[in-house]
Amino acid sequence: MPTEPLSQKEIEDRLRELPGWSQEGDRIARTYRLGTHFAAAAMVVHVARIQEELNHHSDLTLGYNTVNITVNTHDAGGAVTEKDFGLAARVEEIAPAHGAE
């Protein structure tokens with residue numbers, strides 16, 4: 001059963017619940033800043049583990065002390081769905097433990 005895309009209003013409403021996240025075209029995105037490169041790399045590994053658990057994967061970009069996450073749902077034609085917000089919420093839960101801002 002395919003996942004249904006969210007309406008623009010639903011996306012905007014859900015983004016209000018996730019400070020720091022924004023819509024970038026057909027994706028939701030956030031950049032986290034961390035204290036060190038090692039902390040950023042550790043966060044990427046933690047996010048990858050969550051993605052495997054959810055079977056829903058984002059694009060992750062590791063910088064020196066940043067982690068950039070962008071996500072949409074491929075099986076919904078590249079639209080933003082509830083799956084994307086579920087992943088974003090899980091990332092928000094673990095980010096403080098890595099010192100992410």
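Author: Start with a cut-off: a residue is exposed when its relative accessible area is over 50%. Keep in mind that this is a predicted model.

Reader: Why is Glu93 called exposed?

Author: The relative accessibility of Glu93 is 59%. The cut-off is over 50%. Therefore Glu93 counts as exposed.

Reader: What makes Arg90 partly exposed?

Author: Arg90 has 23% relative accessibility. Buried means under 20% and exposed means over 50%, with partly exposed in between. So Arg90 counts as partly exposed.

Reader: Why is the contact of Arg90 and Glu93 called a salt bridge?

Author: Their side chains meet at 4.0 Å, N to O. The definition asks for a side-chain nitrogen of Lys or Arg within 4 Å of a carboxyl oxygen of Asp or Glu. The pair is listed as a salt bridge.

Reader: How many residues apart are Arg90 and Glu93 in helix α3?

Author: They are three residues apart, so about one helical turn separates them.

Reader: What makes Arg30 and Glu92 a salt bridge?

Author: The closest N and O atoms of Arg30 and Glu92 are 2.6 Å apart. The limit is 4 Å, so the pair qualifies. Arg30 lies in strand β2 and Glu92 in helix α3, so the pair ties together parts that are 62 residues apart in sequence.

Reader: Is Arg30 buried or exposed?

Author: Arg30 has a relative accessible area of 13%. Buried means under 20%, so Arg30 is buried. Glu92 stands at 22% and is partly exposed.

Reader: Which residues are linked in a network of salt bridges?

Author: Lys9, Asp13 and Arg16 are linked in this way. In the bridge between Arg16 and Asp13, the closest N and O atoms are 2.6 Å apart. Arg16 is exposed at 61%, whereas Asp13 is partly exposed at 29%. The structure holds nine salt bridges.

Reader: Why are β3 and β4 said to pair?

Author: Pairing needs at least two bridges. Strands β3 and β4 have four, in the antiparallel sense, so they pair. Leu60 has Ile69 in β4 as its bridge partner. The two strands form a hairpin with three residues between them.

Reader: What is Thr66 in contact with, beyond its neighbours within four places in sequence?

Author: Thr66, in strand β4, is in contact with Thr31, Tyr32, Arg33, Leu34, Ala40 and Thr61. Trp21 is 45 residues from Thr66 in sequence and 15 Å from Thr66 in space, C-alpha to C-alpha.

How values were computed: Residues numbered from 1 in each chain as written. Predicted model: local features only at pLDDT ≥ 70, side-chain atom pairs only at ≥ 80, totals over all residues. Heavy atoms only, no water. Contact = heavy atoms within 4.5 Å. Buried < 20%, exposed > 50% of the residue type's maximum accessible area, 1.4 Å probe, protein only.
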